[in-house]
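Please keep the sequence and the model in view while reading.

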Amino acid sequence: MIAYGGVDALIWLCKSSKNISLHHIATTILSILTEKGEDRSSGVLISILNVYNIESIRPVIITKWALPPILYLIHNYTQPDSKEDEKQSPTTSIKSGTTTLSHQSSLDNTVEGKQNIILEITINCTHILYQLSRAGILSQKEVISDGILNTLLKLAVFNVSPAANDKRSMDTNEEQQCQHMIERLNIINSLAIKSISAICSLGSFQDSIIKIIQSTNTMPSLLRSSNSEVQKYMAKSFAYLSLRNEKYKAHLVKGEGARALISIIAVLPHQDPENETEDARLEELSYYFSKCIKLDSNEYKKEGSECLNSATVSHACCALANLATNNESQMCLMSQPHFLRHLCNVPAVFSNAEIHRHVARCLANLTLYENNIDKMLADKEKDDIHSFNVLPTLLAMGQSARVTSDIQRQLVRAIDNLSSHVFKSVEDEVGYRVGLFEETFLYIQRILDDESDKDADTVKRARNIMEREVTVVVEKVDEQSPKTKRNKKKSKGKTKGKKG
């Protein structure tokens, strides 16, 4: 295929042919050739490749300059009315090919037939980009300068005109055709967002990716997408981008970023509704989804049995934990209404250990900032949309059957940070807060009772917590005991005697 010019011929057809059927065949073959050792429904050719141990042609796609015509085919078939791309086209004949479709085979003579072929060509081209992204062989120039990332962002939200999705006054055949079209659109969206996620995992040019995502403002809509795959992989991309980029973390949560990310956990059913009215719930969801949420809307229905995918929630919590390490981004998160309450609700909905680890890490990171301590130990009766007592959540995760050493380490870290600040308050608050930590101290003591499988940092922090507990409680008891009061009076009397 490579040595005798087969790949060159396929690329040439994509560049020069006017025939949509040839575009369909050429992109299908190229799409299959970019795979290796994977099963597909059209797996005859891929089986031959496996039998003869033929390597994937992914690198050849780049070296043979196939990316420009592939990108142009995507733009041509997804934006047929665009005139700007025509000037930059590697061929001047592709657009004219779309006007001669009536001369194709009888399959292509119907509007539905043409639409299906166009969508399949788009799927093939997107699949090629997905394979190249997954292989990690795209350069920063190709991703950023040549427009691959911008193209993928458009494909992730790509949809046909609303009329094509309107099922009113359709017969059975039309409904089936419409359903097939929606399925193809979902495939395009899913392949595109998986490609974006693979690209975002590469740390070398994440700064440029953040700038592009911020400028296009597509991230919020992707995080709120009705396509579960799109939502999941956008949350995963967010987690990648928020991991190390301290300089740009705040950019991710600006505008709609924070609200869109928190909307993933805000929509979960509340285990402790705290007498929340339905109107208040709808108002809050409307805030996070940036649109009016009604009782019969899809977002509100998710509160029932259709809970979000656990992987999506896990990625979102991972991103929140990453953002909590930066002062500016964590301030943005804490400013969102009932953020702590929504975060603490997640472990009550999901028993997944990975989700618990991210929630524990997020809470531990938030306790690094002294301004958050009072909010994270708030009185339950206190009416503050930015405050919530996180100790019951920390204890519940620590006592879960699925708790791991890593989760426990984050929990102890959070409790250590909270207790190190909590007793610096004025004396009239200390008694109340000692009561808050009563069960927490018992949990920490159980950890110290069995140190065999604990890491050194966890044990050290646990001992620090218990030392604070003993110091504060003893001081409090001593101050209130009659003996202490008598001793104080005697010492005062002796002092007066000496002065006389």
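Predicted model: local features only at pLDDT ≥ 70, side-chain atom pairs only at ≥ 80, totals over all residues.

- If neighbours within four places in sequence are left aside, Leu394 is in contact with Leu363, Leu411, Ala414, Ile415 and Leu418.
- As general background, nonpolar side chains in soluble globular proteins tend to be buried together.

- Is Leu343 buried or exposed? Leu343, which lies in helix H21 (residues 339-349), has a relative accessibility of 0%, and because buried means under 20%, Leu343 counts as buried.
- Apart from neighbours within four places in sequence, Leu343 is in contact with Ile265, Leu320, Val359, Cys362, Leu363 and Leu366.
- Although Leu343 and Ile265 are 78 residues apart along the chain, their C-alpha atoms are separated by 6.9 Å.

**Helix H16**

- Helix H16 spans residues 257-266, and nine of its ten residues are buried, so this helix is largely enclosed by the rest of the structure.
- The buried residues of H16 are Gly257, Ala258, Ala260, Leu261, Ile262, Ser263, Ile264, Ile265 and Ala266, and Ile265 is also one of the residues in contact with Leu343.

**Helices H1 and H2**

- Helix H1 (residues 6-16) packs with helix H2 (residues 20-33) at an angle of about 140 degrees, and their axes are 9 Å apart.
- Because of this angle, H1 and H2 are oblique to each other, and their crossing is left-handed.
- On the H1 side the contact is made by Val7, Leu10, Leu13 and Cys14, while on the H2 side it is made by Leu22, His23, Ala26, Thr27, Ile29, Leu30 and Leu33.
- Sorted by class, the residues of the contact between H1 and H2 are nine nonpolar, two polar and no charged.

**Helices H10 and H11**

- Helix H10 (residues 148-156) and helix H11 (residues 172-200) have axes 8 Å apart and pack at an angle of about 140 degrees.
- H10 and H11 are therefore oblique to each other, and H10 passes H11 in a left-handed crossing.
- From H10, the contact involves Ile148, Leu149, Leu152, Leu153, Leu155 and Ala156, whereas H11 contributes Ile188, Asn189, Ala192, Ile193, Ser195, Ile196 and Ile199.
- Which classes of residue make up the contact of H10 with H11? There are eleven nonpolar, two polar and no charged residues in it.

**Two loop residues with positive phi**

- Asn217, in the loop between helix H12 (206-216) and helix H13 (219-223), has a phi near 60 degrees, which is a positive value in a residue other than glycine.
- With a relative accessible area of 52%, Asn217 is exposed, because the cut-off for exposed is over 50%.
- His338, in the loop between helix H20 (327-334) and H21, has a positive phi of about 60 degrees although it is not a glycine.
- The relative accessibility of His338 is 21%, and so His338 counts as partly exposed.

Key:
Residues numbered from 1 in each chain as written. Heavy atoms only, no water. Axes fitted to C-alpha atoms, helices over the stretch in contact; angles between N-to-C directions. Helix = DSSP H or I, 4+ residues; strand = E, 2+ residues; numbered from the N terminus. Parallel < 35°, antiparallel > 145°, perpendicular 65-115°, else oblique. Left-handed = near helix turned anticlockwise from the far one by under 90°. Contact = heavy atoms within 4.5 Å. Nonpolar A, V, L, I, M, F, W, Y, C, P; charged D, E, K, R; others polar. Buried < 20%, exposed > 50% of the residue type's maximum accessible area, 1.4 Å probe, protein only.
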